[in-house]
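Look at the model below and trace the chain from end to end. Then read on.

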Amino acid sequence: MQPMEGWYPVTFVVAFAWIGVWSLVVTVVTNRWVVLLGHPSAMGFVGLCIVALGAEIPDAINAITVASRGYGSMAAASCIGSQICNICLGLGVPWSVAASWGAEVPLSSQDRLLEDAAIVLLCVVVVFLGFFPARSLAQGYATVTITAGHGVAMLLAYALIVGLLGEVTLVM
């Protein structure tokens, strides 16, 4: 037994507490920025850009680490799996807790960002799962290969998606 091994449960709880504190700070700051923008429908877009990007940094570090060790499929599976957890657990748990306390979680029917983002996410998954394996198999590779060019294309696609969603959210 390691000298500090008995502290693992405490450090686990403290880590969750820190995540909760910083999540609150990010939420308050994001809300203030939206108020200063004077555009209430910008909340979803700012959340998409700031909060989601911050949440993906650990996933990106994980993907870089495992991909650099030669486990590309683990990196891809981790990225897709984290999105499933984010959507199902990240929305399901808080909304279930809020509903059990009698609170409502309204989604504005005028704000189309959620619908647009869901459509974009579906398209990205279809392209990712359809294009890369199909291209690799067509070239005779037994495995899927993602090159630096593919990485640049994904970064450019991300910039395009954020720009289009910003245009739809902030202008319309």
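In which helix does Leu53 lie? Leu53 lies in helix H2. Helices here are DSSP runs (H or I, at least four residues), numbered from the N terminus.

This is a predicted model, in which local features need pLDDT of at least 70, side-chain atom pairs count only at pLDDT 80 or more, and totals for chains, interfaces and linings use all residues. Residues are numbered from 1 along each chain as its sequence is written, and side-chain values use heavy atoms, with hydrogens and water left out.

Leu53 counts as partly exposed because its relative accessibility is 45%. The cut-offs are these: buried is under 20% relative accessible area, exposed is over 50%, and partly exposed is in between (1.4 Å probe, protein chains only). Leu53 touches Leu48 and Tyr158, not counting residues up to four places away in sequence. Contact means heavy atoms within 4.5 Å.

Now turn to helix H1 (residues 8-37), where Leu24 is found. Leu24 counts as exposed, because its relative accessibility is 55%. Leu24 and Ser73 are 49 residues apart in sequence and 34 Å apart in space, C-alpha to C-alpha.

Val26 is also found in helix H1. At 34% relative accessibility, Val26 counts as partly exposed. Val26 and Val51 are 25 residues apart in sequence, and their C-alpha atoms are 7.3 Å apart in space.

**How the helices pack**

Two packed helices are described by the angle between their axes and the distance between the axes. Axes are lines fitted to C-alpha atoms, for helices over the stretch in contact, and angles run from 0 to 180 degrees between N-to-C directions.

| Helix pair | Angle | Axis distance |
|---|---|---|
| H1 and H2 | about 135° | 10 Å |
| H2 and H3 | about 160° | 8 Å |

H1 and H2 are therefore oblique to each other. Angles under 35 degrees count as roughly parallel, over 145 as roughly antiparallel, 65 to 115 as roughly perpendicular and the rest as oblique. From H1, the contact is made by Val26, Thr30, Asn31, Trp33, Val34 and Leu37. From H2 come Ala42, Met43, Val46, Gly47, Ile50 and Val51. The residues of this contact of H1 with H2 divide into 9 nonpolar, 3 polar and no charged. Ala, Val, Leu, Ile, Met, Phe, Trp, Tyr, Cys and Pro count as nonpolar, Asp, Glu, Lys and Arg as charged, and the others, Gly among them, as polar.

Next comes helix H2 (residues 42-68) against helix H3 (residues 72-100), with an angle of about 160°. That angle makes H2 roughly antiparallel to H3. On the H2 side of the contact are Glu56, Asp59, Asn62, Ala63, Val66 and Ala67. They meet Met74, Ala75, Ser78, Cys79, Ser82, Gln83 and Asn86 in H3. The residues of the contact of H2 with H3 divide into 6 nonpolar, 5 polar and 2 charged.

H3 has 29 residues. From first C-alpha to last, H3 reaches 41 Å, close to the 42 Å expected at 1.5 Å a residue. The expected span is 1.5 Å times one less than the number of residues. Which residues of H3 are buried? They are Ala75, Ser82 and Ala98. Just after H3, Gly102 takes a positive phi of about 90°.

Helix H4 (residues 113-138) has 26 residues and reaches 36 Å, close to the expected 38 Å. In H4, Leu113, Asp116, Phe132 and Ser136 are buried. Just after H4, Gly140 takes a positive phi of about 90°.

Methods
Helix = DSSP H or I, 4+ residues; strand = E, 2+ residues; numbered from the N terminus.
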